[in-house]
Amino acid sequence: MSEASGAGTVQRVIAAIAGAAFLILAVFQYRVLRHEADQELANAADPAIPDYDCAETRELAAASDAHPHAFRDFTDQLRIDFEHRPGPLGTWFMPESTGCGVAVLDFDRDGLSDLYFVNCAASPHPEVSDTRHRTNRLFRRTTSGTFEDVTDGSGLADTGYGSGVAVGDVNNDGWPDVFVTNYGQDMLYQNLQGGRFSHLQSAFDQPESDWGAAACFVDFDRDGWLDLFVVNYTADAEYGHVVSCGFDHGLVSYCGPHKFQHTVDRLYRNETGDQPAAADGSRAIRFRDITEEAGLDAAVTAGFGAVCHDLTGDGWPDLFVANDGAPNRLWVNQRDGRFEEEALQRGVSCNGAGIPEAGMGAVVGDVNHDELPDLLLTHLTRETATLYEGMQGGFYQDTTPGTVLEDVSRRHTGWGVALADLNHDGRLDIPIVNGLVIPCHSGFPFHGEDEFHRREALIRDDVQYWLDYADQNALLLGTEDGLFTEHKTAGGDFTTAIASGRGLAISDLDDDGDLDLIVTNCGSSARCYENRMQKPGNWLQFQLLSRHGNRDAIGATVTLQLNDGSHRTSSCLPQTGYLCSNDSRVHFGLPADVLVESIRVDWADGAPETSAENFAAVDLNQVVVLKQTTGIPAESQHDSAVVQ
């Protein structure tokens, strides 16, 4: 063994010991705080009321028209009329309850954000026919600020039983392509330009029939070509998920993941660059399943959410899976095409009490401005939305106990989530989309539906059916002490809406510099919320353009050096949250009294140690385009930025 490699081994051992010691201390602290919180909740509980909120019995906040500086529902104004309507109901086909996602993309490259909604197909029901026409739908934003349905003729009218969606330029031609996860065969659509897409059945080396959930485009080998990570939920060879679960009083509902088989998540390497070029320079798009050779078959999951990002600090993207009712997975990139599962030793397998939670959404951001990634996961009622704070060496600590985040999220089931500065004060905020997974007032235990039931009922009122699964969304705003506070007033229509929410995407839909919210609801209409919050500070948005491939620079990180000596860090990670794909532009909110002194971009391709560029300061409150290689290496002092 060489001296260098021996030193590296010693450093890794020391880091592992330090991480384990820190984790033991964190577990002890967590158990104390969690016990206190549980005891307080138990003392205050009324035995006649369930320990989760039912929307119809909750005292609602005032409507947003009484609060002009709040989120306002402007779906109808935008002319978006997408509905997620699973059915025929009555067999408790499990995918009905998990909802669908939405993607923000500029499919025609006109500089305006378009929306692509994933839909469900008909549910299997032997006694009831359902002729409703359900397809995924593409809405193009017009110069007037409204949207028009351009699904017909686009090639994107997928009729599969859809779940999630990811957007990325897979063949490096400058046009965004679309990947859809389904209950069954997933679909990849190539952007042919001119508003048309083509389904690429031949792009993958073998078919699959898994229940796909989250999907991430990620350049895991940093070769400039976007690879694909697909999180699969559960398998059920016996019932095909057409089965209900009941308790001891005769009622039934959807089953939990513990009743089914866990599955292997799939990693596909993009080998388009290895194909021969045609006369026009184009190449056939090819993905090869490398799950086994990468080592991802070493563990199974019942995954919903995913984060594909460097979570260990070595510059190479890792693969995190939010697992439903089982320990999470963190596949650490070994830089040679292989991954090792290290969630437990790095502190993100379970919460600080060592208890696995029902992971749905997963998002990453720098909450405390230490230039280290923090992870936020949403979970079932009785659990919390859990914040894992990043530490040096790629370790994490659950910092949720005793915070407002714990208090607000305990009585809700969270799905879609974001970490974003919504009010431009320089601190990240948390919007959470909530929706129950058991009927309100049913008395079902969230983790205890232990008996299968084969039932075929006729549900005549779809609207009332889904109201029994309804909840209200939550909005938490970042505070100066690095914590959060609930803000129902600023939430406006977003937090007063009654629905069984699932997906959440963020984008500046009206081009005014702040982030608006797009929500998908299970069994009802999608809604868009305009950000009208009071904003004391400023903003910047960056459109990153990679030169060598991966056009939108998915995985790249932007760091702002501010004149007060602090930093703000954010990454181009559109596929985080729950089943959705966000705007690929990197957004910053900034305090009113600071200026940007310099900009650093750590690009997602090439060797990490040589991938950083510095760019000069820019004026605030604008969209800035940063092109790779138009700045200068990070060691230099002068550079350039291109302003849109």
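Colleague: What should I keep in mind about the model and the numbering?
Modeller: The model is predicted, with local features needing pLDDT of at least 70 and side-chain atom pairs counting only at pLDDT 80 or more, while totals for chains, interfaces and linings use all residues. Residues are numbered from 1 along each chain as its sequence is written, and side-chain values use heavy atoms, with hydrogens and water left out.

Colleague: Is strand β7 mostly covered or uncovered?
Modeller: Mostly covered: six of the six residues in β7 (177-182) are buried. Buried means under 20% relative accessible area, exposed over 50%, and partly exposed in between, with a 1.4 Å probe and protein chains only. Strands (E, at least two residues) are DSSP runs numbered from the N terminus.

Colleague: Which residues point each way from β7?
Modeller: Asp177, Phe179 and Thr181 point one way, and Val178, Val180 and Asn182 the other.

Colleague: Which strand does a hairpin join to β7?
Modeller: β8, through one residue. Four bridges join β7 to β8 (184-193), and the two run antiparallel; strands pair if DSSP finds at least two bridges between them. Phe179 stands opposite Leu188 in β8. Strand β6 (162-168) also runs antiparallel to β7, with five bridges, and Val165 has Val180 as its bridge partner.

Colleague: Changing topic, how many residues are in the largest nonpolar core?
Modeller: That core has 38 residues, and Phe542, Leu544, Leu560 and Ile599 have the most contacts inside it. A nonpolar core is a set of buried Ala, Val, Leu, Ile, Met, Phe, Trp, Tyr and Cys residues joined through side-chain atoms within 4.5 Å. Strands supplying at least two residues each include β10 (212-218), β34 (538-545) and β38 (596-602).

Colleague: What does Leu544 touch?
Modeller: Not counting residues up to four places away in sequence, its contacts (heavy atoms within 4.5 Å) include Arg551, Asp552, Val586 and Trp603.

Colleague: Which residue does Asp552 meet in a salt bridge?
Modeller: Arg551, at 3.1 Å from N to O. A salt bridge is a side-chain nitrogen of Lys or Arg within 4 Å of a carboxyl oxygen of Asp or Glu. Asp552 is buried at 16% relative accessible area, whereas Arg551 is partly exposed at 25%.

Colleague: Which residues do shared partners join into one network?
Modeller: Asp221, Asp223, Arg269, Glu271, Asp274, Arg288 and Glu293.
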